[in-house]
Amino acid sequence: MTLVTPAPATTDSAVSAAYARLSEVFPSLRITELGPEEPLPHGAGWVRTEELARSGPALDAFLAWDNAQVLKDYGQQARPDVIASFGLHRYAWPACLLITVPWFLHRRVPRFPAAHVSFQRALGRMAVRVTDFACLPGDPAANLPGAHVVPDEEALRAEVRAAVADHLQPVLTGFGPRMRRGPRALWGMATDEIVESLWYVGHLLGEEGRAMTDLEELLPGTTKPYVGKAAFRELTGPEGETLPTRDRASCCLFYTLRPEDTCVTCPRTCDADRVARLTGTTAA
């Protein structure tokens, strides 16, 4: 297993190096860290996470963007619950990376209450206020303010699960009534967002295998409130190549717009279609 070398402690926060590396490989998402007295961005396309959790006008405006995009891209009106599911995905996927990328790269786990995050979807920007974080013994960042040292890797994985749950719980509460899904389905979506976002970034970093291993250990299927496990498995391509895939714990409802075009990780997509699409992508 690849060893993770902690980033050296600097004048930046414990997670600055991880966010800089994320932006290098995935420039569609850039994260700005705010100082203790800097307010979270608001207006001009920015929405504060705590506003989304209130399920009021800010969430209405957030979902109007998704509704307009669906009309533009697919020429049809989607159901309100489908629009809400798309909106949750577009927030939760990058929000999970705020926590999982520092853990994956440097074994540091920041905590972000909803009041400490703001999101600008059109620009692919997030602004955060870093305060507390967990790390392992011997990490140079253990001496920084807000550090919480835990004894081992499993304790740190528990910190990841708790940090994501604490951040997403109010968001799920805000989106839930509009999505017409119960708690189990909502936490199934959260499980998928954790896995698929870090899996994708791990591929961009050239460490897809380690990302898959870390995610399997993070989500073994017995960690509430999460539903299901990482659920990776392998398929064999026409040339005998190994093709990694997984089965989602939830449904994104894209099939309601394009019944013939399900996601490649959707349980509705048979293995033969997965192989054809994965090898087609590789060939392209």
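Tutor: Let's start with a term: a charge sits over a ring if NZ of Lys or CZ of Arg is within 6 Å of the ring centre and within 35 degrees of the ring normal.

Student: Okay, which residue lies over the face of Phe 62?

Tutor: Arg 121 does, at 3.8 Å from the ring centre. Before we go on, this is a predicted model: local features need pLDDT of at least 70, side-chain atom pairs count only at pLDDT 80 or more, and totals for chains, interfaces and linings use all residues. Residues are numbered from 1 along each chain as its sequence is written, and side-chain values use heavy atoms, with hydrogens and water left out.

Student: What else is Phe 62 in contact with?

Tutor: Contact means heavy atoms within 4.5 Å. Setting aside neighbours within four places in sequence, Phe 62 touches Val 47, Leu 52, Gly 87, Tyr 91, Phe 119, Arg 121 and Phe 175.

Student: Which residues do ring pairs link into a cluster with Phe 62?

Tutor: Tyr 91, Phe 119 and Phe 175. Rings of Phe, Tyr and Trp (its six-membered ring) pair if their centres lie within 6.5 Å; planes under 30 degrees apart count as stacked, over 60 as edge-to-face and the rest as tilted.

Student: How many aromatic pairs are in the whole structure?

Tutor: Nine. Trp 187 and Tyr 226 form one of them, edge-to-face, at 5.6 Å centre to centre with 90° between the planes.

Student: Why does that pair tie together parts that are apart in sequence?

Tutor: Trp 187 lies in helix H6 and Tyr 226 in the loop between H7 and E8, so the pair joins parts 39 residues apart in sequence. Helices (H or I, at least four residues) and strands (E, at least two) are DSSP runs, numbered from the N terminus.

Student: Are Trp 187 and Tyr 226 buried or exposed?

Tutor: Both are buried. Buried means under 20% relative accessible area, exposed over 50%, partly exposed in between (1.4 Å probe, protein chains only).

Student: And why is the pair of Trp 199 and Phe 232 edge-to-face?

Tutor: Their ring centres are 5.0 Å apart and the planes are at 75°, so the pair counts as edge-to-face. Trp 199 is in helix H6 and Phe 232 in strand E8, 33 residues apart. Trp 199 and Phe 232 are buried as well.

Student: New topic. What order do the strands of the open sheet have?

Tutor: The four strands run E1-E5-E4-E2, with mixed pairing. Strands E1 (30-33) and E2 (46-48) are the edges, each pairing on one side only. Two strands pair if DSSP finds at least two bridges between them.

Student: How many bridges join E2 to E4?

Tutor: Three, and the two strands run antiparallel. Val 47 stands opposite Phe 119 in E4.

Student: Which helix packs on the sheet?

Tutor: H1 (residues 16-25), touching E1 and strand E5 (125-128).

Student: Last one: which residues of H7 are buried?

Tutor: Arg 210, Ala 211, Met 212, Asp 214, Leu 215 and Leu 218. Their cover includes H4, H5, H6, strand E8 (232-236) and strand E9 (242-246). Arg 210 also lies over the face of Phe 104, at 3.7 Å from the ring centre.

Note on methods
Axes fitted to C-alpha atoms, helices over the stretch in contact; angles between N-to-C directions.
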